[in-house]
Amino acid sequence: MCDAIGVWRKFRSLKNCGATWLRLRGPGLVPGGPAGPPEPVIVAVTPEQQQLRLRCEGVRVTLLFDPPEPTRIRMVVKEDSEVVLNCSASGSVRDQVFDWKKDDDLEVFLYDRGSTYGSGLSGQSPQFAGRVAHFPKALDLGNASIRIKKAEVRDSGIYTCTFPRSSPDPRSEISLVVERILKVRPPENECRNPGKRANVSRSDNYSCVVTQEDIYHQISSTTFVHIDQAAKVVSQEATKLSLAFSKPPVPSQQEGEKLVESVLESVLTLAAVYHWLPKSHGVSLRRQVRGATVEVLDGLVQLLEVLLSSPLQSLSQEQLTSTGGVWQVCDHFAQLPKDNKAAVILVLSAQMGVVKDAIEEMEQALADSEDPFSDILDPGGEEPRGNRDTYWSEEDRRVIGPCQGLMKASAACLRKLTAAVKTNADVSTSQNLDQLDDLADISKEISPGVDDLALCLYPPLDHSGVDTSASRLAAQLKKVLEVVRSSHVCGEPQLSWVQFLEGAVEHNLQKIKELLQQDS
């Protein structure tokens, strides 16, 4: 007699006469009762693998058997990439049937002894039509894998691979996550807005904001759409998020996810507007839009950090400040330049402001500075006493004169160049756009050069530093004037001041070197 206890999962399979046999050893499965020594018991597996049949001294006992659960593999891919979902079986699958499904109901791919969806079989989900294929040359190796072309966000889910006519039925499971990427689609001639529709029938300057499905990217069919509208949406979503966490109760998980998703969509929209702005419209313009976009992202990050760290009682001052910071950077988009000419003018104006400040500070320092011991004469002579590191000597002031001339030549160069760009700049060709970008880039070297020279002039005057800084600034100004001369913004009226400033730069530089040589 034989007594069976429990469900046995650990076993070693044996092959015998075409059947699969299992050799089990354990208490309760012994001939002669529990008191006897452990002896092996032979068990066969049924075709369905749902139970075990135990043979022992002519008595058949049935044990329930739980088949092992398939291991689920997690994959994370980017949108628009190609995905390979692996599935395999022992031996060739060319004459078998394997079926791929998503979330247990959507038909992804079916192979039936040579026939597939689109090639003899019907029933495939429209979502995967034309995007899924298998590996015909690898069927004899047991390869039932498939590949999905141009993965979409909605492709995310649980994929199962089964062999419905096999015994047992091998099963593979894959959890696929398709991450959204920033992308834009070129607008068509037809422009759609909620409740509005316009067909373009003639050439003109149209502004059309197109909203893409799923990720709601807003793009423009003109040179520069009103990007400040996208920024206003970010500002509104940030306000909603801040207010939701300003007092109890805490938003539910579903409400929180909805808030975050709205913020994310608004940020993606703003970033998409920047990415849609063609590089052919000018580097200076793109840099300023990018800088404003980064400021918005930084403001949102700061707001989120405050929300995570602040107690949920009422609007704290820090939370109000962070929310106001997002409003401020979003409002800045309304003042952004709309073309590369305006962007370059903005760069030149900013540089001119820095140089002007440096000149004014130096003039104020010269007016306020005097020898603190000028009224105390040394008994042995007429020279003032005291710490020369705190004031300028007459020799120092003579050197500062031409240095100021060089700094003023820098300001004049930026001022005249700004006026020339306003008058003559043209953005209709790529060559002119490149020239404007070159002027903006090279002009950015002027203000640091002026600052370096000014720092060397403060007491105690650094003679060596003045020589080096003045020579460097003069070289920068000469290079700027050379670029201006060869650009399309330089006409006959501009050529005269370019030549004048070239002479002024050289004159002041030589004067500085002569005075420094005398002092040494």
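The answer below goes through the cysteines, then the salt bridges, and then a patch of charge.

Modeller: This is a predicted model, in which local features need pLDDT of at least 70 and side-chain atom pairs count only at pLDDT 80 or more, while totals for chains, interfaces and linings use all residues. Residues are numbered from 1 along each chain as its sequence is written, and side-chain values use heavy atoms, with hydrogens and water left out.

The structure holds 1 disulfide, which joins Cys87 to Cys161 with an S to S distance of 2.1 Å. Cys87 sits in the loop between strand 7 (83-85) and strand 8 (97-102), whereas Cys161 belongs to strand 14 (residues 157-162), so the bond ties together parts that are 74 residues apart in sequence; helices (H or I, at least four residues) and strands (E, at least two) are DSSP runs numbered from the N terminus. The torsion about the S-S bond of Cys87 and Cys161 is about -70°, so this disulfide is left-handed.

Both partners are also buried, a word that means under 20% relative accessible area, with exposed meaning over 50% and partly exposed in between (1.4 Å probe, protein chains only). Cys87 has a relative accessible area of 4%, and Cys161 has 0%. Cys403, by contrast, is in no disulfide, and the nearest cysteine sulfur, that of Cys456, is 8.9 Å away. Seen from Cys456, the closest cysteine sulfur is that of Cys403, and 8.9 Å is too far for a bond. Cys403 counts as buried at 0% relative accessibility, and Cys456 counts as buried at 12%.

Turning to the charged side chains, the count comes to 19 salt bridges, each being a side-chain nitrogen of Lys or Arg within 4 Å of a carboxyl oxygen of Asp or Glu. One of them is formed by Glu152 and Arg154, with an N to O distance of 2.6 Å, and Glu152 is partly exposed at 24%.

Lys408 forms another with Glu363, the closest N and O atoms being 3.8 Å apart. Because Lys408 lies in helix 6 (residues 394-424) and Glu363 in helix 5, this pair ties together parts that are 45 residues apart in sequence. Lys408 is partly exposed, at 43% relative accessible area, and Glu363 is partly exposed at 35%.

Lys513 and Asp467 meet in a salt bridge of 2.8 Å, N to O. This pair links distant parts of the chain, with Lys513 in helix 10 (residues 492-519) and Asp467 in helix 9 (residues 463-486), 46 residues apart. Lys513 is partly exposed at 32%, as is Asp467 at 29%. Elsewhere, salt bridges that share partners join Arg72, Asp104, Arg171 and Glu173 into one network.

Some charged residues instead make up a negative surface patch, formed by Asp357, Glu360, Glu361, Asp451 and Asp452. Patches are made of residues with over 30% relative accessible area and no salt bridge, like charges being joined within 9 Å and nonpolar side chains (Val, Leu, Ile, Met, Phe, Trp, Tyr) within 5 Å. Helix 5 (340-368) and helix 8 (446-457) each supply at least two residues of the negative patch. Helix 5 gives the most, with 3 residues, and Glu361 is found in helix 5.

Key. Areas by Shrake-Rupley, 256 points an atom, 1.4 Å probe, with all protein chains shown as cover. Lys, Arg positive; Asp, Glu negative; His and termini not counted. Charge placed at Lys NZ, Arg CZ, Asp CG, Glu CD. Disulfide = S-S within 2.5 Å.
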